[in-house]
Amino acid sequence: MDINSRFSQAAVIAAGIAFLGMCIKSGIDDFVNKDRVVTVKGLSEKEVEADKVTWPIPTKELGNDLTQLYHNINVTTNKVKTFLKQNGVKDDEISVNAPVVIDLNADQYSTNKGYRYNITSTITVTSRNVKLIRSIMARQGELLKQGVAVVEGNWDNRTTYEYVSFQKMKPEMMQEAIKNAETTAEQFAKNSSSRLDKITRADQGQFSIEDRDSNTPYIKKVRVVTTVTYSLKD
């Protein structure tokens, strides 16, 4: 074998070794960097006014003559419906539940033996015009002048407020939450002398809607928290 042939073989072997070394280095770098990630949470929060209200209006009649009580409860129901309509509530926003009758003589826990029957009728207003309904609620004392006493509702008859337009703001809030997560991740990368690479994992965000506080249930706090994992590079 002449010198030129040996030189060519040596050059090929050297090139192969160099290429193998580059591959090994790349593999080592990938192995070292594969766990270099940062996981952060992004928050987006907004306060909005409720756009749907459900207002139960319970009234009660006590007595011994069941027929007369049914008559009285119907009169009361008509007065409440008239009051609502005169103040701008639409027919399709008003529903009347069937009266609930309790025979107090059959109730072993009853302490009021002066009357036998307790009849409760509930009119429910469901409306997207929250401001109007709240203004009417503030004037329901006007019903007292007509002899109608609205009884205090229990947990089942409490007024509830909802924010049903939530779906329209989800994309914008998700974008804001991810942007806030990116800002936090960039600060972490800067502190660790690294740079952000691509997103390796992200969730769809946890959404919640709750009352801002107990005194203003018609103001809702909408919140989304998303978790994003970024890879890091030098």
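A nonpolar core is a set of buried Ala, Val, Leu, Ile, Met, Phe, Trp, Tyr and Cys residues joined through side-chain atoms within 4.5 Å, where buried means under 20% relative accessible area (1.4 Å probe, protein chains only). The structure here is a predicted model, in which local features need pLDDT of at least 70 and side-chain atom pairs count only at pLDDT 80 or more, while totals for chains, interfaces and linings use all residues. Residues are numbered from 1 along each chain as its sequence is written, and side-chain values use heavy atoms, with hydrogens and water left out.

**Core**
- The largest nonpolar core has 18 residues, and Trp55, Val80, Leu84, Val89, Val125, Ile133 and Ile136 touch the most other members.
- Two or more residues each come from strand S2 (52-63), helix H2 (66-86), strand S5 (117-127) and helix H3 (130-137).
- H3 gives the largest share, 4 residues.
- Leucine 84 touches, among others, Trp55, Val89, Val125 and Ile136, leaving aside residues up to four places away in sequence; a contact means heavy atoms within 4.5 Å.

**Threonine 124**
- Threonine 124 lies in strand S5 and is buried, with a relative accessible area of 12%.
- Beyond residues up to four places away in sequence, the contacts of threonine 124 include Thr54, Trp55, Pro56 and Ile94.

**Whole chain**
- The chain holds 4 helices and 9 strands, which are DSSP runs (helices H or I, at least four residues; strands E, at least two) numbered from the N terminus.
- Of the 234 residues in the chain, 30% are buried.
- Among contacts between residues at least 6 apart in sequence, 79% join residues at least 24 apart.

How values were computed
Buried means under 20% relative accessible area, exposed over 50%, partly exposed in between (1.4 Å probe, protein chains only).
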